[in-house]
Amino acid sequence: MNNAPFVYVTYIAATPQKVWQALVEGELTRQYWRHEQVTDWKPGSKWELVADDGKRTVKHVGKVVESTPNKRLVLTWGDVADAADASKHSRVAIDIETVGQMVRLTVTHDELTPDMRRRISNGWPRVLSSLKSFLETGRPLDVFA
Amino acid sequence: MKAIDKVFKALADPSRRELIDRLHAKNGQTLGELCKGLDMARQSVTQHLELLEDANLISVRRVGREKLHTFNPVPIHEIYERWIRKFERGRLDALSNFKAKLERK
């Protein structure tokens with residue numbers, strides 16, 4: 001079986017501060033992701049990915065592992081049905097690095113179950129392309145159309 | 001060269017598309033694994049991989065002494081958004097306008 005992590009990389013013409021803000025502030029994530037992350041961003045705290053669908057459906061649950069502003073965010077990421085079973089949770093690391101005038105944003109999604117591998121493989125490219133467009137042009141992409 | 005031009009250039013070569021297909025089938029391969037069964041010199045595979053990395057179509061991670069190559073679909077998704085979906089949508093809109101017009105008659 002293939003256990004290699006998914007690694008998604010995009011270069012964004014923005015500052016690390018702007019990219020960080022766009023990742024953690026619900027007001028912004030709703031615009032390009034149609035979801036927000038509900039948490040206080042303290043290590044060990046509960047984390048939820050909530051859809052901006054009027055019903056505030058909880059899509060994924062987990063914990064904050066690491067949160068270093070403008071640099072690195074690590075989360076555990078599980079299905080709502082597996083909320084109590086941390087062994088079924090995957091792990092998402094988001095790294096923000098400055099490269100010249102750009103920011104290199106890397107999402108590494110690891111420790112995936114085969115089922116989750118299938119489901120996430122289309123999600124992150126859409127979210128990252130939309131985030132890039134949102135930060136560079138002010139317009140998100142219509143990600144879940 | 002602009003980022004998007006690098007992606008198109010990288011995709012213009014059949015050997016590089018083959019390497020992408022192989023990584024898509026199995027992510028996180030070493031140079032050795034990628035060379036297996038390919039009718040290409042190791043040196044050329046290395047050059048193709050460098051070009052793919054420069055176009056941000058693959059990322060390279062070091063694990064111990066090994067370099068693992070991972071396919072990064074984000075630039076291809078950007079091409080899809082910019083060069084494919086836009087035109088699909090235009091055609092779909094045209095069709096639905098056509099249908100609306102016919103049904104009004």
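Helix axes here are lines fitted to C-alpha atoms over the stretch in contact, and the angle between two of them runs from 0 to 180 degrees between N-to-C directions. With that in hand, here's a quick tour of this predicted model.

**Helices 1 and 2 of chain A**

- Helix 1 of chain A covers residues 16–24, helix 2 of chain A covers residues 26–33, and their axes come within 5 Å and cross at roughly 85°.
- Angles of 65 to 115 degrees count as roughly perpendicular, so that's the label for helix 1 and helix 2 of chain A.
- On the helix 1 side of chain A, the contact uses Q21(A), A22(A), L23(A) and V24(A), while helix 2 of chain A brings G26(A), L28(A), T29(A) and Y32(A).
- Sort the residues of this contact by class and you get 5 nonpolar, 3 polar and no charged.

**Helices 1 and 5 of chain B**

- In chain B, helix 1 (residues 3–11) packs with helix 5 at an angle of about 105°, and the two axes are 11 Å apart.
- Helix 1 and helix 5 of chain B are therefore roughly perpendicular to each other as well.
- Helix 1 of chain B puts I4(B), V7(B), F8(B) and L11(B) into the contact, and they meet P75(B), I76(B), I79(B) and W83(B) of helix 5 of chain B.
- What classes turn up in the contact of helix 1 of chain B with helix 5 of chain B? There are 8 nonpolar residues, with no polar and no charged ones.

**Where chain B meets chain A**

- The two chains touch through 17 residues of chain B and 17 residues of chain A.
- About 1300 Å² is buried between chain B and chain A, with carbon and sulfur atoms giving 56% of that area.
- Over in chain B, the residues that lose the most area to chain A are N27(B), V74(B) and H77(B), together 31% of what that side buries.
- Strand 1 (58–63), strand 2 (66–71) and helix 5 (74–104) of chain B each supply at least two residues of the side touching chain A.
- Helix 5 of chain B gives the largest share of that side, with 6 residues.
- The side of chain B that touches chain A splits into 4 nonpolar, 7 polar and 6 charged residues.
- For polar contact across this interface, the rule finds 2 residue pairs, both at pLDDT 80 or more.

**Salt bridges**

- How many salt bridges does the structure hold over all chains? The total is 13, but the rule finds 0 across the interface of chain B and chain A.
- One salt bridge joins R72(A) and D95(A), whose closest N and O atoms are 2.9 Å apart.
- R72(A) sits in strand 5 (residues 72–79) of chain A and D95(A) in strand 6 (residues 90–99) of chain A, so this pair ties together parts 23 residues apart in sequence.

Definitions and conventions:
Residues are numbered from 1 along each chain as its sequence is written. Chains are lettered from A and ligands numbered from 1 in the order in which they are written. This is a predicted model: local features need pLDDT of at least 70, side-chain atom pairs count only at pLDDT 80 or more; totals for chains, interfaces and linings use all residues. Side-chain values use heavy atoms; hydrogens and water are left out. Contact means heavy atoms within 4.5 Å. Buried area is the accessible area (1.4 Å probe) that two parts lose on being put together, summed over both. A salt bridge is a side-chain nitrogen of Lys or Arg within 4 Å of a carboxyl oxygen of Asp or Glu. A polar contact is a pair of N or O atoms within 3.5 Å; within protein, one must be able to donate a hydrogen and the other to accept it, and residues adjacent in sequence count only if both atoms are side-chain atoms. Helices (H or I, at least four residues) and strands (E, at least two) are DSSP runs, numbered from the N terminus. Ala, Val, Leu, Ile, Met, Phe, Trp, Tyr, Cys and Pro count as nonpolar, Asp, Glu, Lys and Arg as charged, and the others, Gly among them, as polar. Angles under 35 degrees count as roughly parallel, over 145 as roughly antiparallel, 65 to 115 as roughly perpendicular and the rest as oblique.
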